[in-house]
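Welcome! Please take a moment with the sequence and the 3D view, and then we will walk through the main features together.

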Amino acid sequence: MKYANIGGQAVMEGVMMRHKDRYAVAVRKENHEIEVKSDEYISYGKRLHVSGIPIIRGAVAFVDSLVLGMQTLTWSASFFEEEEPETAARKEENGSSVTSGENEKPSDKLFMTLTVILSLALSIGLFMVLPFFISNVFRRATDSSLILGVIEGLVRVMIFIAYIVLISRMKDIQRLFMYHGAEHKTINCIEHGEELTPENAAKYSRFHKRCGTSFLFIVMFVSILFFLLFFQIFPIESMALKVVCRILMVPVIAGVSYEIIQWAGRHDSGLVCLVSKPGFWMQKFTTKEPDLEMLEVAIASIEAIYDWREFQKDLTE
């Protein structure tokens with residue numbers, strides 16, 4: 001299986017796919033038509049000239065995925081918001097496939113920036129800082145920083161699993177996870193060299209080694225190793241400083257996890273399969289089996305930016 005250099009995410013009633021400096025979002029509207037928007041997205045890695053630097057590029061790519069993900073999710077949601085008839089008619093006249101940059105107001109960009117910052121803060125607070133405070137409850141039983149570090153890591157993983165399991169039970173999220181499955185199936189179909197049709201894609205796995213769920217799960221385990229090693233080498237007594245150090249290490253942890261997930265996506269060895277298994281297990285919750293119409297939407301998103309036939313031609317040659 002060959003690496004297709006394409007990835008994406010599920011959005012509301014649709015799929016976003018990204019390839020190099022282009023992305024496309026396809027959404028199944030309420031009238032059952034597929035609306036496709038494609039545009040250019042220059043990553044922060046390229047803007048900052050760090051896309052070739054290991055670890056740093058991973059931390060920047062994580063921010064990229066948050067920014068683009070939030071933009072495309074907001075765009076997809078706009079089709080299902082209640083609107084005044086005049087607004088809806090004006091959208092229909094102007095066409096809804098215009099690039100976001102042409103219509104985006106400064107207030108929209110500010111809102112998007114604040115949303116991404118808030119999302120990052122909540123994620124760091126929930127998965128990095130909260131487990132630390134919970135583990136400190138066990139100081140009454142042991143003074144070993146090693147044992148407390150292991151407890152903190154276990155608590156972190158348990159919080160992450162509980163979070164995924166709980167949101168996977170929500171009805172609206174289940175449809176989002178079906179589109180997530182459609183995203184994976186279509187990419188798997190391309191990378192296995194088969195013609196990209198809904199029927200062919202349906203035969204493939206809804207799990208993928210480069211999935212964001214797998215990335216986050218790897219982040220949980222890499223953080224355990226980093227925190228254990230760092231605080232064994234540099235013992236710190238101040239609680240506030242311990243929290244600050246954990247926050248400062250998040251970009252490094254994200255960068256290392258990115259390198260691991262990219263390596264796994266390009267190889268098929270036994271070690272890669274072993275590393276990928278926990279992520280696949282979590283994807284049982286974050287992906288669901290899509291129907292053919294959902295696969296059709298994912299294919300529309302791919303074909304707007306990616307020549308999968310050329311890729312498969314190179315694959316056979």
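## A histidine to start with

His208 is buried, with a relative accessible area of 6% (buried means under 20% relative accessible area, exposed over 50%, and partly exposed in between, using a 1.4 Å probe and protein chains only). The model is a predicted one, in which local features need pLDDT of at least 70 and side-chain atom pairs count only at pLDDT 80 or more, while totals for chains, interfaces and linings use all residues. Residues are numbered from 1 along each chain as its sequence is written, and side-chain values use heavy atoms, with hydrogens and water left out.

Where does His208 lie? His208 sits in the loop between helix 8 (198-201) and helix 9. Helices (H or I, at least four residues) and strands (E, at least two) are DSSP runs, numbered from the N terminus. Not counting residues up to four places away in sequence, His208 touches His184, Ile187, Asn188, Glu191, Ser214, Phe280 and Gln283; contact here means heavy atoms within 4.5 Å. With Glu191, the side chain of His208 makes a side-chain polar contact of 3.0 Å. A polar contact is a pair of N or O atoms within 3.5 Å; within protein, one must be able to donate a hydrogen and the other to accept it, and residues adjacent in sequence count only if both atoms are side-chain atoms.

Strands of a sheet pair through backbone hydrogen bonds, either parallel or antiparallel.

You can follow the pairing across the sheet. Five bridges hold the antiparallel pair of strand 1 and strand 2, and Ala10 stands opposite Val15 in strand 2. Strand 2 (residues 14-19) is joined to strand 3 by six bridges, where Val15 has Ala26 as its bridge partner. Seven bridges then link strand 3 (residues 22-28) to strand 4, with Ala26 opposite Val36 in strand 4.

## Turns and faces

The one made by strand 1 and strand 2 has two residues between the strands, and Glu13 in its turn has a positive phi of about 55°. The hairpin of strand 3 and strand 4 has five residues between the strands, and His32 in that turn has a positive phi of about 75°.

In a regular strand the side chains alternate between the two faces of the sheet.

## The nonpolar cores

How many residues does the largest nonpolar core have? There are 31, and those with the most contacts inside this core are Met128, Phe160, Val219, Met220, Phe227, Phe231 and Ile253. A nonpolar core is a set of buried Ala, Val, Leu, Ile, Met, Phe, Trp, Tyr and Cys residues joined through side-chain atoms within 4.5 Å. Helix 5 (106-135), helix 6 (145-167), helix 9 (212-233) and helix 10 (239-266) are the elements that give two or more residues to this core. Helix 9 provides the largest share, ten residues.

A second, separate core of 26 residues includes Ala182, Val297, Tyr306 and Phe311.

## Aromatic pairs

The structure holds 13 aromatic pairs. Rings of Phe, Tyr and Trp (its six-membered ring) pair if their centres lie within 6.5 Å; planes under 30 degrees apart count as stacked, over 60 as edge-to-face and the rest as tilted. Trp281 and Phe285 make an edge-to-face pair, 5.5 Å centre to centre with 80° between the planes. Both lie in helix 11 (residues 270-286), four residues apart, about one turn of the helix. Trp281 is partly exposed, at 40% relative accessibility, and Phe285 is partly exposed at 23%.

Tyr306 and Phe311 form a tilted pair, 6.3 Å centre to centre with 45° between the planes, and both are buried.

Note on methods. Two strands pair if DSSP finds at least two bridges between them.
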